[in-house]
Amino acid sequence: MVKNTTGGNKSKGFARKNIIVKTNNTLRVSEDEAELYAQVIKIFGGASCQVINVKGEPMLCHIRGKFRGRGKRDNFIGNGTWLLVGLREWEKEPAPGKLLNCDVIEVYNESDKVRLKNN
């Protein structure tokens, strides 16, 4: 008989061996004018969401592969989550009625939010 390596409901994928511990305790802050702080207001299907930046402009945000799959556990992106996003400088201005594109650089948790507010 063949050995069951996948488990019943994908339970082997959530084993403790796959947990990635965030070792560095440094806070990633905006270092460039193309990096903005934003908050998620709507989650779309796939790897995209709608965010609103500090200036109040809505943008279409693309969630990189680093923040999906196994990396989703420590970097969960939901409504109200604070993000550091990078603008796509190589793209032209969007057409009227379209949103500006950006990419997720960092996901902030509750303790990071407090540290950002203090700075």
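Reply: **The interior and its surroundings**

The protein exposes about 8,800 Å², of which carbon and sulfur atoms supply 52%; accessible areas come from the Shrake-Rupley method with a 1.4 Å probe, and for residues only the protein chains shown count as cover. The model is predicted, so that local features need pLDDT of at least 70 and side-chain atom pairs count only at pLDDT 80 or more, whereas totals for chains, interfaces and linings use all residues. Residues are numbered from 1 along each chain as its sequence is written, and side-chain values use heavy atoms, with hydrogens and water left out.

The protein has one helix and five strands, arranged from the N terminus as β-β-β-β-β-α; helices (H or I, at least four residues) and strands (E, at least two) are DSSP runs, numbered from the N terminus. Of its 119 residues, 32% count as buried, where buried means under 20% relative accessible area, exposed over 50%, and partly exposed in between (1.4 Å probe, protein chains only). Residues 24 or more positions apart supply 57% of the contacts with a separation of 6 or more, a contact being heavy atoms within 4.5 Å.

The largest nonpolar core has 15 residues, and those touching the most other members are Val51, Cys61, Ile77, Leu83, Val85 and Val104; such a core is a set of buried Ala, Val, Leu, Ile, Met, Phe, Trp, Tyr and Cys residues joined through side-chain atoms within 4.5 Å. Two or more residues come to this core from each of strands S1 (35-43), S2 (48-53), S3 (58-62), S4 (82-87) and S5 (100-108). Leaving aside residues up to four places away in sequence, Ile77 touches Val40, Ile43, Ile63, Phe67, Leu83, Val104 and Val107. A second, separate core has five residues, among them Leu27, Leu84, Tyr108 and Leu116.

Strand S5 is mostly covered, with eight of its nine residues buried. Strand S4 runs antiparallel to S5 and is joined to it by six bridges, with Val85 having Val104 as its bridge partner in S5. Strand S3, by contrast, runs parallel to S5, and four bridges join the two; His62 stands opposite Asp103 in S5. Two strands count as paired if DSSP finds at least two bridges between them.

A search of the whole structure finds one aromatic pair. Its rings belong to Tyr37 and Tyr108, which are tilted, 6.3 Å centre to centre with 40 degrees between the planes; rings of Phe, Tyr and Trp (its six-membered ring) pair if their centres lie within 6.5 Å, and planes under 30 degrees apart count as stacked, over 60 as edge-to-face and the rest as tilted. Because Tyr37 lies in strand S1 and Tyr108 in strand S5, the pair ties together parts that are 71 residues apart in sequence. Tyr108 counts as buried, at 3% relative accessibility, while Tyr37, at 27%, counts as partly exposed.

Not counting residues up to four places away in sequence, Gln50 touches Gln39, Val40, Ile41, Lys42, Phe44, Pro58, Met59 and Leu99.
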